[in-house]
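Please examine the structure shown below.

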Amino acid sequence: MLFRSRLGIRAAGFRTPGGFATGLEGREDIQRMLLDLGFEWVSSRYPAHAIEDVHGTGRGPSAAVLESIVAAQPDAQPHAYPTGLIELPMSPISDVGAFRNGRWGLDDFLHAVRLALEWAIDGRACFDLLVHPSVLGTVDPEFRTLDLVCDLVDRSGGVAEIVTLDRLAGIVREKLATGDAPP
């Protein structure tokens, strides 16, 4: 509400720091609190994925870790909680997980993003790139990650598009109102 009172900006959604493997499942009290505060969507779920070689080793990800990142993507799909609050999960792996925790190289991160995004495009699903300017801007000053995402979306032949989280929440609301499954 600080944004609204000080800047005149109404935030429609709320993204939690870090995220939780189960999002706000079973926390109807928090869901209702966010709805009461005027939030229409939350981004609180960050699906679990293998981390055995991610934390501080300096090695690139193993095939098992890459497979688990792709396997976590179905758990990173938008949905509505019973309260009506829309969840827009974060797609693994984040830049913090890859660079700060795993000490991966940029090419390793690009490979993981490519695999996860190709899964989403092939399955006509969502992919929410989870990056932070203070992390990605330092490790990827040439914006290769953003170029990769844009290139894959461009090559999708119209299957994929880049949207804001507010727009994605609107798409989910539209689908739920017509009885369709969210994207």
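The side chains of Arg27 and Asp29 are joined by a salt bridge, with 2.7 Å from N to O. A salt bridge here is a side-chain nitrogen of Lys or Arg within 4 Å of a carboxyl oxygen of Asp or Glu. Arg27 is partly exposed at 38% relative accessibility, and Asp29 is partly exposed at 43%; buried means under 20% relative accessible area, exposed over 50%, and partly exposed in between, for a 1.4 Å probe and protein chains only. The model is a predicted one, in which local features need pLDDT of at least 70 and side-chain atom pairs count only at pLDDT 80 or more, while totals for chains, interfaces and linings use all residues. Residues are numbered from 1 along each chain as its sequence is written, and side-chain values use heavy atoms, with hydrogens and water left out.

By this rule, the count of salt bridges is six. Side chains of opposite charge can pair when their charged atoms come close. Another of these pairs is formed by Arg15 and Asp128, whose closest N and O atoms are 2.3 Å apart. This pair links distant parts of the chain, 113 residues apart: Arg15 belongs to strand S1 (residues 13-20), and Asp128 to the loop between H5 and helix H6 (133-139). Helices (H or I, at least four residues) and strands (E, at least two) are DSSP runs, numbered from the N terminus. Arg15 is partly exposed, with a relative accessible area of 30%, whereas Asp128 is buried at 11%. A further salt bridge pairs Arg167 with Glu174, and there the closest N and O atoms lie 3.4 Å apart. Arg167 has a relative accessible area of 39% and is partly exposed; Glu174, at 46%, is also partly exposed.

The largest nonpolar core has 28 residues, of which Ile69, Ile93, Trp104, Phe109, Val113 and Phe127 touch the most other members. A nonpolar core is a set of buried Ala, Val, Leu, Ile, Met, Phe, Trp, Tyr and Cys residues joined through side-chain atoms within 4.5 Å. The elements that give two or more residues to this core are helix H3 (63-72), helix H4 (95-101), H5, H6 and H7. Among them, H5 gives the most, with nine residues. A second, separate core has eight residues, including Trp41, Ile86, Cys126 and Leu168.

The structure also holds one cavity of 30 Å³ or more. On a 1 Å grid over the protein atoms alone, a cavity is a set of points where a 1.4 Å probe fits but cannot get out, and a pocket is an open set with protein on both sides within 12 Å along at least five of seven lines; lining residues have an atom within 4 Å of a point. Grid points are joined across faces, edges and corners, and a volume is the space filled by probe spheres set on the points.

The largest pocket has a volume of about 690 Å³. It is lined by 26 residues, and the closest to its centre are Cys126, Phe127, Glu161, Ile162 and Val163. Helix H5 (106-122), helix H7 (144-154) and helix H8 (165-177) are the elements that give two or more residues to the lining. The largest share, four residues, comes from H7. By class, the lining of the largest pocket divides into 21 nonpolar residues, one polar and four charged.

Pro92 and Ile93 are joined by a cis peptide bond, with omega about 5 degrees. Ile93 is placed in the loop between strand S4 (86-87) and H4. Arg124, a residue other than glycine, has a positive phi near 50 degrees. Arg124 lies in the loop between H5 and H6 and is exposed, with a relative accessible area of 59%. Phe143 likewise has a positive phi, near 60 degrees. Phe143 lies in the loop between H6 and H7 and is partly exposed at 47%.

Definitions and conventions
Nonpolar A, V, L, I, M, F, W, Y, C, P; charged D, E, K, R; others polar.
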